[in-house]
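Let's take a friendly walk through this protein. Have the sequence and the 3D view at hand, and follow along as we go from one part to the next.

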Amino acid sequence: FRSHYLPSGIYVTHGVVRVFIISRAAICRSCSIYGVQVVVTWRNNNDPRRDQFEADLINQAVEYRVPVVGICRGSHFINKHMGGTLRLLDTPYDNVQVELDGLTVTCHHTIAIDQLAPGFEAVLTDKAGVVELALNTDRRMLGIGWHPERPVNTHTRESLLQLIKQL
């Protein structure tokens with residue numbers, strides 16, 4: 001995604017948190033924080049400082065009604081932070097193509113949402129039961145399981161941008 005196409009909000013992705021906020025909740029205009037350690041999967045991704053930073057951003061976003069979008073790890077983090085649970089996949093997805101109600105996306109997962117946080121609904125779930133798109137309209141939050149910024153998934157960008165603009 002390019003920042004000038006996105007509305008104000010918080011976007012939590014696998015490797016970076018980007019905040020684009022132009023409102024009274026001015027947490028920051030545009031900032032990013034990168035994980036300190038290189039990790040292969042989120043199973044090994046234990047960075048308490050990053051988790052606390054992201055949790056604080058989500059809490060402020062909820063307080064000021066700023067939209068939050070999580071991609072991959074961000075989707076899982078939002079779900080867990082808001083009261084849901086996660087589970088390890090028996091067989092991790094590594095460049096796995098999944099069908100989602102007529103939409104094919106390529107995913108990389110080692111964990112999945114087990115129980116959705118209160119107020120979230122599963123918009124798209126694959127045939128194995130992995131939630132790939134979760135939405136909470138009251139809290140203005142969207143969790144995306146795949147990476148729409150990757151070339152293999154660019155075909156999903158327009159529909160996701162429409163969802164984001166409705167938050």
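Keep in mind that the model you are looking at is predicted.

Now look at helix 2 itself, which spans residues 73-81. Is this helix enclosed or open? Seven of its nine residues are buried, so helix 2 is largely enclosed by the rest of the structure. The buried ones are Arg73, Gly74, Ser75, His76, Phe77, Ile78 and Asn79.

Next comes the interior. In soluble globular proteins, nonpolar side chains tend to be buried together. Here, the largest nonpolar core has 20 residues, and Val69, Leu133, Leu142, Ile144 and Trp146 have the most contacts inside it. Several elements each supply at least two residues of this core: strand 4 (68-71), strand 5 (85-100), strand 6 (103-115), strand 8 (131-136), strand 9 (141-144) and helix 3. Strand 5 gives the largest share, with four residues. A second, separate core has 14 residues, among them Ala61, Val66, Met82 and Ile113.

Leaving aside residues up to four places away in sequence, Ile144 touches Val69, Gly70, Ile71, Cys72, Ser75, Glu132, Leu133 and Leu160.

To see why, compare the sulfur distances with the cut-off for a disulfide, which is 2.5 Å. The table also lists how accessible each residue is.

| Cysteine | Closest cysteine sulfur | Relative accessibility |
|---|---|---|
| Cys72 | Cys107, 8.3 Å | 8% |
| Cys107 | Cys72, 8.3 Å | 1% |

The sulfur of Cys72 has its closest cysteine sulfur in Cys107, and at 8.3 Å that is too far for a bond. At 8% relative accessibility, Cys72 counts as buried. Cys107 is buried as well, with a relative accessible area of 1%.

Terms used. Residues numbered from 1 in each chain as written. Predicted model: local features only at pLDDT ≥ 70, side-chain atom pairs only at ≥ 80, totals over all residues. Heavy atoms only, no water. Buried < 20%, exposed > 50% of the residue type's maximum accessible area, 1.4 Å probe, protein only. Core = buried A, V, L, I, M, F, W, Y, C linked by side-chain atoms within 4.5 Å. Contact = heavy atoms within 4.5 Å.
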